[in-house]
Amino acid sequence: MHIGISDHSFIYVYRKLSPEFAFKGHSTKTYRNFSNFNRENFRRDISRQYWSCTSDDPNVLWADWKAKFLSIVNSHAPIKTKRVGSGKVPWITSDLRKGMRDRDLAKRKAIKSNNPLDWAVYKRLCIRINGEVKSTKASYYASAFVQSNGNSRKTWQLINELTSRQKNNASVKELKLNENSVTNSHEPSNAFNDHFSTIGTKPANEVPLVTDGSSYADYIVSSDNIFIFSPISSSKVFSLLNKLSISKATGLVNISAKLIRECADLISIPLCDIFNNSLSSGLFSDDWKCARVTPLFKQGERTDVNNYRPISVISIIAEVFERIVYDQLYTFLANEEMITNQQSGFRSLHSSVTALLEATDSWALDIDRGNVNAVVFLDLKKAFDTVDHDVLLSKLSLYGIQESAYDCLSRI
């Protein structure tokens, strides 16, 4: 820009900055490189691996299997780390990008010449490009929503892109603890860890103690049958492994569902042996209890730790084992009729829809009878976090969960 008071022109640039942070820094991505991955060679090495281990300790069995499996995986799909940018805008076409370059050239020409005709050309290009950007973006998302029809997950991904919700929830830069700001790279993680690890004890301590002599056991009908885990077959393990979604998060072990599905038939037998050993011994591998915990922002001030909820991701193999435990335990409880018909959560063929249908049907029936409906809605704060584990284990014992099954569940 020539300001007319010097022989030198003023040099300037435009830089768009986030309203929250002036500089967010570069982000890195850790991934497995599949550029040289060969499925046949990978399966060949898996089939040649000797999986047997002489120990009876599930921790040792799992550590041995994991080390052997990761050794093969790392040779076929090594872990790489790269720096990533913000990504390309999907609706910006090559023609639109060329038009933007022509607009920028016209602006530089107008600045240099300060000719009204050149400024008029630049303004016309601005109007045209802005209109094309809006129409191209609208057309892209209209087509994307049509293609995602019936896929709720993809639809919400598109909605998050439009509202920029994913970018806002990606990282935490600052927290306030005791009126002090925490910005160090490790301190926010430690603050979240302390908060999430004690989140249940605070509201639990606020629950008043029962003083009338009643007990939860007074409302439980004990089972005459005893539940123990049944040995599982390798075909059951293969079925669960083969049904894994390839988009499932990997957890800390960094074994992806894609790799597991590539060789599910070859690893189902050694994993079945580990699972059966854990069920019979009543021991749950310590490694399966480790999870990657991510704080997910809900609403309110971003610097308040209370406005985040933890998302815990365990390893995929641990999820498969937990599914095996769930299937057997749920079948037993259902057969013993210990699950009330009014429960809709965590039940097959039940959801919030069935709960609403049952409620509205009963309300309509009362109205037809001339009665008045009085409804009380309760939202229990930190309901799962405040569950008393001693009470829960005692209830399991009353329900008939005994011996190694009780030991295994008490260690999960």
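Helices (runs of H or I in DSSP, at least four residues) and strands (runs of E, at least two) are numbered here from the N terminus. The structure is a predicted model, in which local features need pLDDT of at least 70 and side-chain atom pairs count only at pLDDT 80 or more, while totals for chains, interfaces and linings use all residues. Residues are numbered from 1 along each chain as its sequence is written, and side-chain values use heavy atoms, with hydrogens and water left out.

The chain holds 15 helices and six strands. Of its 412 residues, 27% are buried, where buried stands for under 20% relative accessible area, exposed for over 50%, and partly exposed for what lies in between (1.4 Å probe, protein chains only).

| α3 | 94–113 | Leu96, Gly99, Arg103, Ala106 and Ala110 | 75° |

The 20 residues of α3 reach 29 Å from the first C-alpha to the last, close to the 28 Å expected at 1.5 Å a residue, the expected span being 1.5 Å times one less than the number of residues. The buried residues of α3 are Leu96, Gly99, Arg103, Ala106 and Ala110. Because they cover an arc of only 75° around the axis, they sit on the same side of α3, the arc being that of the directions from the helix axis to the C-beta atoms. An α-helix has 3.6 residues a turn, so residues three or four places apart point the same way. Helix α4 (116–147) is included in what covers this buried side of α3, whereas the face turned away from it carries the exposed residues Ser94, Arg108, Lys109 and Lys112. Arg103 counts as buried because its relative accessibility is 18%, and, leaving aside residues up to four places away in sequence, Arg103 touches Tyr122, Leu125, Cys126 and Ile129. Just after α3, Asn114 takes a positive phi of about 55°.

At the start of α14, a side-chain oxygen of Asp388 comes to within 2.9 Å of the backbone nitrogen of Asp390, and after α14 comes Gly400, with a positive phi near 110°.

Key
Contact means heavy atoms within 4.5 Å. A polar contact is a pair of N or O atoms within 3.5 Å; within protein, one must be able to donate a hydrogen and the other to accept it, and residues adjacent in sequence count only if both atoms are side-chain atoms.
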